Amino acid sequence: MRFVFKRSYDDDIRLFKHRPQMFWYLALLVLVVALPWLLDDFFLGEATNVLIWAIAGMGLMVLTGHTGQVSLGHAAFMALGCYSNVILLQNGVPFIIAFPLAGLITGVVGVIVALPVLRLHGIYLAIATLAISVLSEDIIVIAAPWTGGVSGLSAPAFDIFGVSINRYGTPDLFYFLTLGVTLVVLGAYRNLMRAPLGRAFVAIRDSEISAQAMGVNITKTKAISFGISCAIVGMAGSLLGLFAGAFNHETFNIVLSIQLFLMIVIGGLGSIHGAFFGALIIGFLPQVIAMTRDGLSNIFSLGSVTIPGIESGVFAVILICFVLFEPLGVYGRWVKIRTYFELFPFYRKGMFKRQKSFLKTERMK
Amino acid sequence: MDIMQLVVSGLANGCVYGLIALGFVLIYKATEAVNFAQGDFMMLGAFITIWLVNAEYMGLNFWVAVPIAIVMMGIFGYLLDVLVVRRLFGQPQIAVVILTIAIGFVLRFAVGAIWTHEPQLLETPFAGGIANVGGIVLGYEEIAVIIVTLLLTGFLFLFFRRAKLGKAMQAASQNQLAAYYVGIPVKRIQSLVWALGGAVAAVAGILFASKGAIDPSTGLLGIKAFAAAVIGGFGSLPGALIGGLIIGMVEPFAAYALPAGYSQIAPYAIMLLVLIFRPAGLFAQMQNKKV
């Protein structure tokens, strides 16, 4: 058992709670930086993919995990970030400006969209954002002069300060670029949650009425949260576009939106870790399934069997299991295990029990 | 006459949307949960019927197969609630949303694995029949769709208004605790609603598959039916039907009047407008409590 004594109010908002924690995160950082020398190009690409998903997951986590607003339409903002980044690049804007600008554009559009939409609550908000996601596909097709319509766009070559970065030519540089963005977003996110604004987000999630009573401007704060969320997701979208090389309206379809949402649910809503756990699962699931399938068909000598759509099927079954048995996600399970050992032998079964409540309709006020 | 033809085809499509929306509303009205898998329920119902009826599978008589399929979907809905959804009783609504989205994925995958991803058409006895009513050409399927939808909506509307069970369902949704106090077995009622939702989805699926080919991804049509339910006001049965009809009518006219590409947007744009300006829908269920 470890006791952390708090001696000042600052101890509550320190980045690391105690030294061992700092040590482990630094070790993780070293490992992540060393990855290009440890993995071959294929798995490095997969790692890059996971990091991109993690950025997108962090973006949605700000909104859903910490502000409590469900969005099923964030692929639309990924698309916006991706297209604006590539269009800026094509017009000769250097990457170092185009990339943040794409995030900014997405964030501003996010705020504009949020103002009318965020008047809705819960399920209605989910449905409205779902509609935005569906609409975005058609809008991309209509805006063909800019977006290339159905045939899509392909990401141009780009460089940072003269160093050309290419997903296939220099996968390690692309990995470092993604890692850099991830770390910047992570740092910003972590600090946001220590700042008054981030606390206001959490207050809104836990109870809008009490947040209002504490002087939080609900509409404004929700809109800012939506904007930040969209900006981060937009950057993830830009990276995804550059990573994929070519994309069209179907790349950022509604399934991607839903997958993004489901990803952070599996990872664990309300924690930054959740975004990364979710990204790991979604990134490596296809590989794991493929390996399992090959292994099974080798054992039973079935030859190569392919079942279309098995990824989403397995993913959905995992999700159902999580919703039923571990609503707090992978991170929640990890916290429980850690608590078990930290408190050994005093862990009680009901420690993480969630309050159940009888439902009342929202239609009667 | 062109316009009338558009109206009729819009009506038939709208009825199918309305039927799926009816399923949403049923479950929402009685359990406060939104079943995002309703479109996939419809797709499953259609495929079960195809499996029973079509010559290359079981080859049963159509009129024997339809009740079987409806009952099967009813049992499916009931079991789904008892085994899976009920475990989330007392947890936030959004948990059920996530669960039903996942169930939708699983259904789409399972149906695709069993009956392949090829589009298939239901073989109905009235296929290809055409009635000419005052110069408007109507397929028998379209007439069947319209009649069945009207009957079903009317039946369900009266069921919720008059029948004891229907009232119990509404009570269970409005306030679970109070419903328990007056002796309503809330959990069993909810399972029955899921069964009803499954049965309605089966009817919608049968009608859809008799009108045109269906494949597993058709379940995503549920999103359009969502638009219908939202326009009508989530929680109102006639509202769902009218919302479906509005969507169904808008589509062909938008395709007729607007340049290509814009017409798909119309239903969702209408839905967004309704959500923003009249979040309770056209047939608002919101009401203040009478003291």
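Analyst: Start with two helices of chain B. H5(B) passes H8(B) in a left-handed crossing. Left-handed means that the near helix is turned anticlockwise from the far one by less than a right angle; clockwise would be right-handed. This is a predicted model: local features need pLDDT of at least 70, side-chain atom pairs count only at pLDDT 80 or more, and totals for chains, interfaces and linings use all residues. Residues are numbered from 1 along each chain as its sequence is written, with chains lettered from A and ligands numbered from 1 in the order in which they are written.

User: Why is H5(B) called roughly antiparallel to H8(B)?
Analyst: Helix H5 (residues 140-162) of chain B and helix H8 (residues 186-211) of chain B pack at about 165 degrees, with axes 9 Å apart. Angles over 145 degrees count as roughly antiparallel (under 35 is roughly parallel, 65 to 115 roughly perpendicular, the rest oblique). H5(B) is therefore roughly antiparallel to H8(B).

User: Which residues of H5(B) and H8(B) meet?
Analyst: From H5(B) come Glu141(B), Ala144(B), Val145(B), Val148(B) and Leu152(B). They meet Val200(B), Val203(B), Leu207(B), Ser210(B) and Lys211(B) in H8(B). Contact means C-beta atoms, placed from the backbone, within 7 Å. By class, the contact has seven nonpolar, one polar and two charged residues. Ala, Val, Leu, Ile, Met, Phe, Trp, Tyr, Cys and Pro count as nonpolar, Asp, Glu, Lys and Arg as charged, and the others, Gly among them, as polar.

User: Why is Glu326(A) called partly exposed?
Analyst: Glu326(A) has 16 other C-beta atoms within 10 Å. Buried needs 20 or more, exposed 12 or fewer, and partly exposed lies in between. So Glu326(A) is partly exposed. It is found in the loop between H13 and helix H14 (329-342) of chain A.

User: How many residues do chains A and B bring into contact?
Analyst: 42 residues of chain A are in contact with 45 residues of chain B. On the side of chain A, H5(A) gives the largest share, 13 residues. By class, that side has 31 nonpolar, six polar and five charged residues.

Note on methods:
Contact = placed C-beta atoms within 7 Å. Helix = DSSP H or I, 4+ residues; strand = E, 2+ residues; numbered from the N terminus. Axes fitted to C-alpha atoms, helices over the stretch in contact; angles between N-to-C directions.
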